[in-house]
Amino acid sequence: PTLTEHTYGIPGLAEFNITTFDKQLFEGGKDGVPVTQFMRDFAEFTLVLEYDGLTVQRKFTKQEVQGQIDLFDRQTNPSKNQAPRIVRRPDAPPLKEPPLPFSLPWTNPQGK
């Protein structure tokens, strides 16, 4: 997490997303599956959401899925992304890694 005062803020007219992940870091090439495998297995799919007694279904076409893959590529590859973005100031303190949500196998959290 980067505090607001350690950035130059959100540029005017910039689009931005607010997201969260189960993992603190995404490791390209290690996490997920290759795009070719994803497209082979999930090129078209239907999302069924059941919530509070209501069921909503939404079919995603191959073109929509490919569009999201292209968007992800542009967003994660700085050479392809020319959109305004939040930039950390050079004098911002280093990021502090939050504690892991689990104990590493070689540590004993109770100190025993």
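Mentor: Here is a walk through that helix pair and the aromatic rings on one of its helices.

This is a predicted model, so local features need pLDDT of at least 70 and side-chain atom pairs count only at pLDDT 80 or more, while totals for chains, interfaces and linings use all residues. Residues are numbered from 1 along each chain as its sequence is written, and side-chain values use heavy atoms, leaving out hydrogens and water.

Start with helix H1 (residues 35-42) and helix H2 (residues 62-76): their axes come within 11 Å and cross at roughly 160 degrees. Helices here are DSSP runs of H or I, at least four residues long, and the axes are lines fitted to C-alpha atoms over the stretch in contact, with angles from 0 to 180 degrees between N-to-C directions. That makes H1 and H2 roughly antiparallel (over 145 degrees).

Who touches whom? From H1, Val35, Phe38, Met39 and Phe42 meet Lys62, Val65, Gln66 and Ile69 of H2, where contact means heavy atoms within 4.5 Å.

Now look at Phe38 and Phe42, which sit 4 residues apart in H1, about one helical turn. Their ring centres are 5.2 Å apart and the planes are at 40 degrees, so the pair is tilted (centres within 6.5 Å make a pair; planes under 30 degrees apart are stacked, over 60 edge-to-face, the rest tilted). Phe38 is partly exposed at 27% relative accessible area, and Phe42 is partly exposed too, at 41% (buried is under 20%, exposed over 50%, partly exposed in between, with a 1.4 Å probe and protein chains only).

Technical notes. Helix = DSSP H or I, 4+ residues; strand = E, 2+ residues; numbered from the N terminus. Parallel < 35°, antiparallel > 145°, perpendicular 65-115°, else oblique. Phe/Tyr/Trp six-rings, centres within 6.5 Å; stacked < 30°, edge-to-face > 60°.
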